[in-house]
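This report describes the fold, dimensions and nonpolar cores of one protein model. The sequence and coordinates are shown first.

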Amino acid sequence: MLNSTLCYLERGDEYLMLHRVKKKNDLNRDKWIGVGGKCEEGESPEDCVLRETREETGLTLTDFRYRGLVTFVSDQAPTEYMHLFTASAWTGTPIPCGEGELAWIKKAALRSLPMWAGDRIFLDLLEAGGPFFSLKLQYQGEKLAGAWLDGRPLTV
């Protein structure tokens, strides 16, 4: 089982998004996602989100919040626990990302971009500002086959 982090840096009505276009064999190829990556041995989710954000953006988070746990179940990849964060403050100077192109995208425009169907569900949850949540997403290939919020099924 994999553990990873994903963070949405918020600037007003925008999120910093990563368009995954640089790696050839990338499960997220051509999709827009937040920044983050796999946890290393001995790292907490907080350690990982700080390291991954710094590596991918050059920015050091100074105000961030753990918002939810997303469990990905797929017929094409190992099960993954993704620890979801938002951030509202950071220091540093942005750097080019080796995994794709970084861009500030208006929240209202996000759903028109290529992204995983499940990402739309957790973006809605983040923007609603609710409490910490557990979301399970089941994929068959790239198709979202099922979703459960805090153990209760959602319509997909």
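What percentage of the 156 residues of the protein count as buried? The share is 42%, where buried means under 20% relative accessible area with a 1.4 Å probe, protein chains only.

## Basis of the model

This is a predicted model, in which local features need pLDDT of at least 70, side-chain atom pairs count only at pLDDT 80 or more, and totals for chains, interfaces and linings use all residues. Residues are numbered from 1 along each chain as its sequence is written, and side-chain values use heavy atoms, with hydrogens and water left out.

## Fold and dimensions

Two helices and ten strands make up the secondary structure, taken as DSSP runs (helices H or I, at least four residues; strands E, at least two) numbered from the N terminus. Their order from the N terminus is β-β-β-β-α-β-β-β-α-β-β-β.

The C-alpha trace spans about 40 × 35 × 35 Å along its principal axes. Of the contacts (heavy atoms within 4.5 Å) between residues at least 6 apart in sequence, 62% join residues at least 24 apart.

## Nonpolar cores

A nonpolar core is a set of buried Ala, Val, Leu, Ile, Met, Phe, Trp, Tyr and Cys residues joined through side-chain atoms within 4.5 Å. The largest has 24 residues, and Tyr8, Met17, Val70, Leu84, Leu110, Phe122 and Leu137 have the most contacts inside it. Elements that each supply at least two residues of this core include β1 (2-11), β5 (59-74) and α2 (117-128). A second, separate core of twelve residues includes Leu16, Leu18, Ile33 and Cys97.

Beyond its neighbours within four places in sequence, Leu84 is in contact with residues including Leu6, Tyr8, Val70, Phe122 and Phe133.

Definitions and conventions
Buried < 20%, exposed > 50% of the residue type's maximum accessible area, 1.4 Å probe, protein only.
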